[in-house]
Amino acid sequence: MSNPPQPDLAHEFPILERMVFFNHAAVAPLPWRAAEALRQYAGEAAELGATAWPAWAVRMREARRRAAALLGAGEDEVGFAHNTTHGLMCVAHSLPWRAGDNVVTAAGEFPANVHPWRNLAGRGVALRAVGRRAGLRFSADDFAAAIDARTRLVAVSLVQYDSGFRMPIEALAGICRERGVLLCVDAIQGLGALPVSVDALGCDFLVADGHKWLLGPEGAGLLYVPRERLELLGPEMTGWAGRVRPWDYADYEQPLKPTAERFEEGSPNMAGIAALGASLGLLLEVGIADVWRRIEALTALIEEGARRLGFEVASPRAEGERSGIVALGRAGLDVEAAARALGERGVVVVARGGWLRVSPHFYNTPAQVERFLGALAELGRPTQP
């Protein structure tokens with residue numbers, strides 16, 4: 001049987017003609033089909049108003065189906081969140097905490113995965129952080145040591161945003177199961193780049209905004225709540241749209257939806273969800289295994305070339321540790337100035353954590369890696385008078 005045709009990446013990503021964009025760990029460019037979905041929504045909203053709502057609802061269902069396929073989850077286990085912070089707040093403010101409980105996280109997490117848990121201090125819940133080991137790594141053993149009898153939840157990122165280290169989620173999940181502790185994963189720096197199966201990860205909750213590796217717009221993300229965990233979460237982060245008959249406005253007593261949709265508390269971001277659904281469709285067409293294979297190849301070229309130029313590769317790059325993020329540095333290098341200098345050469349990266357953070361996606365090319373390395377080689381060279 002022949003393979004299905006692959007999408008035209010030059011058409012999908014016109015940014016390829018304009019610059020080398022290696023900053024997908026920040027805010028990714030939209031593929032053309034996602035931009036078209038936004039334009040279509042805007043046109044329908046202008047010409048048809050709310051009479052187009054049934055068509056928008058169909059696109060929302062299709063986006064949910066695609067998200068579930070990417071995660072290996074049931075459609076009823078996937079809800080749409082406004083962003084990563086919102087999704088984590090849905091978990092944080094819905095659990096039945098007791099004064100004296102604690103949450104364990106990793107030191108240096110992106111603040112989206114810190115403040116929702118810090119905000120529980122008024123309910124008597126403490127947040128404790130596990131430190132990094134040498135080489136920017138975290139050890140599952142250190143998390144096991146930090147968990148005690150009052151730990152209710154471990155909250156960690158799938159991939160650390162500054163170093164690109166892929167956390168040992170499967171090992172953490174085993175520890176959490178043994179201790180009766182919940183595991184919540186912020187997957188924004190991995191989902192859309194790495195193959196992710198919620199069953200294989202073993203997590204209890206997973207959240208990711210769509211604007212990084214999922215190639216969607218800002219303000220449209222995903223919340224995974226497995227069926228067996230749904231009733232553990234209270235109604236605090238639900239609203240009228242999370243009820244079984246949301247159109248029955250006068251019935252305040254109706255029950256919550258028996259799915260993760262209960263956390264879609266009010267009017268949805270139809271435009272953003274339609275665009276996210278289009279981007280998810282692209283990733284599924286390419287195949288997430290092929291997406292990751294291409295990212296691995298590009299990051300290997302970046303690692304090899306950077307070392308050749310005398311740069312240190314700070315990111316852990318062993319099997320099972322690497323991601324789409326490569327952190328680079330060199331003694332005496334001002335990484336903020338270096339990122340600006342690369343930008344002036346049409347190469348987009350960013351400074352994070354004292355390193356140059358480089359994050360290509362599957363549609364980038366080896367030729368663009370060579371252009372990046374050429375620009376990198378020019379850093380520190382004296383300018384011609």
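Visitor: Before we look inside this predicted model, what counts as a cavity here?
Guide: Picture a 1 Å grid laid over the protein atoms alone. A set of points counts when a 1.4 Å probe fits there but cannot get out. The word for such a set is a cavity.

Visitor: How many cavities of 30 Å³ or more does the structure hold?
Guide: Let's apply that cut-off of 30 Å³ or more to this model. The number of cavities the structure holds is then 1.

Visitor: Which residues are the closest to the centre of the largest cavity?
Guide: The volume of the largest cavity is about 100 Å³, and 13 residues line it. By class, that lining splits into 6 nonpolar, 5 polar and 2 charged residues. The closest to the centre of this cavity are F80, H82, P268, N269 and I273.

Visitor: On to the open spaces: which helix gives the largest share of the lining of the largest pocket?
Guide: The largest pocket holds about 420 Å³ of space. Its lining has 18 residues, with W53, M60, K257, P268 and M270 nearest the centre; by class there are 11 nonpolar, 2 polar and 5 charged. The largest share, 5 residues, comes from a helix spanning residues 53–71, namely α3.

Visitor: And which residues lie nearest the centre of the second largest pocket?
Guide: About 260 Å³ of space lies in that pocket, and 20 residues line it. The lining comprises 9 nonpolar, 6 polar and 5 charged residues. Nearest the centre of the second largest pocket you'll find F110, I188, Q189, H211 and K212.

Key. Residues numbered from 1 in each chain as written. Predicted model: local features only at pLDDT ≥ 70, side-chain atom pairs only at ≥ 80, totals over all residues. Heavy atoms only, no water. 1 Å grid on protein atoms, 1.4 Å probe; cavity = no way out; pocket = protein on both sides within 12 Å on 5 of 7 lines; lining within 4 Å. Points joined across faces, edges and corners; volume = space filled by probe spheres on them. Nonpolar A, V, L, I, M, F, W, Y, C, P; charged D, E, K, R; others polar. Helix = DSSP H or I, 4+ residues; strand = E, 2+ residues; numbered from the N terminus.
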